[in-house]
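Thanks for coming. I have one structure for you this morning, and I will go through it piece by piece. Please look at the screen.

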Amino acid sequence: MESYYRDQAASCAREAAATQLSQVRDRYRRSEEAWLAMADRIARTAAFKATNGA
């Protein structure tokens, strides 16, 4: 699941770089940040479970 979120973030980054419209670029950048935050949350949860045997 984490890789899916990171792939979505990368896609948003590519779309942001490709567009000429600043509002669209900003929207893609916000989406990229959200996808990365979700991926980081999953990674932290997985690390916690691995450390604590959950």
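Before anything else, one term: a charge sits over a ring if NZ of Lys or CZ of Arg is within 6 Å of the ring centre and within 35 degrees of the ring normal. What you see is a predicted model.

The charged end of Arg 27 sits over the ring of Tyr 28, and the distance to the ring centre is 5.4 Å.

Now the overall picture. The protein chain has two helices and zero strands. How does the radius of gyration of the protein chain compare with the globule rule? The radius is 14 Å, well over the 10 Å that the rule gives for 54 residues, so the chain is more spread out than a compact globule. The C-alpha trace spans about 50 × 15 × 10 Å along its principal axes. Of the 54 residues, 17% count as buried.

Just after H2 comes Gly 53, with a positive phi of about 65°.

Which residues of H2 are buried? Val 24, Glu 32 and Ala 39 are. The buried residues of H2 pack against H1. An α-helix has 3.6 residues a turn, so residues three or four places apart point the same way.

Take Glu 32, which is found in helix H2. Its relative accessibility is 18%, and because the cut-off for buried is under 20%, Glu 32 counts as buried. Leaving out residues up to four places away in sequence, Glu 32 touches Ala 9, Cys 12 and Ala 13. The side chain of Glu 32 also makes a polar contact of 3.2 Å with the side chain of Arg 29.

Further along H2 is Ala 43. At a relative accessible area of 26%, Ala 43 is partly exposed.

Now to the start of the chain. Met 1 belongs to the segment before H1. Is Met 1 buried or exposed? Met 1 is exposed, with a relative accessible area of 63%. The C-alpha atoms of Met 1 and Ala 39 are separated by 7.8 Å, although these residues are 38 residues apart along the chain.

On to the rings. A pair of aromatic rings is described by the distance of the centres and the angle of the planes. How many aromatic pairs does the count come to? The count comes to three aromatic pairs. One of them is Tyr 4 with Trp 35, which is edge-to-face, at 5.9 Å centre to centre and 85° between the planes. Tyr 4 lies in helix H1 and Trp 35 in helix H2, so this pair ties together parts that are 31 residues apart in sequence. Tyr 4 is partly exposed at 42% relative accessibility, and Trp 35 is partly exposed at 21%.

Another pair is Tyr 5 with Trp 35, which is tilted: the centres are 5.4 Å apart and the planes are at 45°. That pair also links distant parts of the chain, with Tyr 5 in helix H1 and Trp 35 in helix H2, 30 residues apart. Tyr 5 is buried, at a relative accessible area of 16%. Taken together, Tyr 4, Tyr 5 and Trp 35 form one aromatic cluster.

Last, the loop. Where does Thr 19 lie? Thr 19 is in the loop between helix H1, residues 2-18, and helix H2, residues 22-52. At 16% relative accessibility, Thr 19 counts as buried. A polar atom of the Thr 19 side chain lies 3.2 Å from the backbone nitrogen of Leu 21. With its neighbours within four places in sequence left aside, Thr 19 is in contact with Val 24 and Arg 25. Of these, Val 24 is also on the list of buried residues in H2.

To recap: the chain has two helices and zero strands, the buried residues of H2 pack against H1, and an aromatic cluster is formed by Tyr 4, Tyr 5 and Trp 35. That is what I have.

Note on methods: Residues numbered from 1 in each chain as written. Predicted model: local features only at pLDDT ≥ 70, side-chain atom pairs only at ≥ 80, totals over all residues. Heavy atoms only, no water. Helix = DSSP H or I, 4+ residues; strand = E, 2+ residues; numbered from the N terminus. Buried < 20%, exposed > 50% of the residue type's maximum accessible area, 1.4 Å probe, protein only. Polar contact = N/O pair within 3.5 Å; in protein donor to acceptor, adjacent residues only side chain to side chain. Contact = heavy atoms within 4.5 Å. Phe/Tyr/Trp six-rings, centres within 6.5 Å; stacked < 30°, edge-to-face > 60°. Rg over C-alpha atoms; globule rule 2.2 N^0.38 Å.
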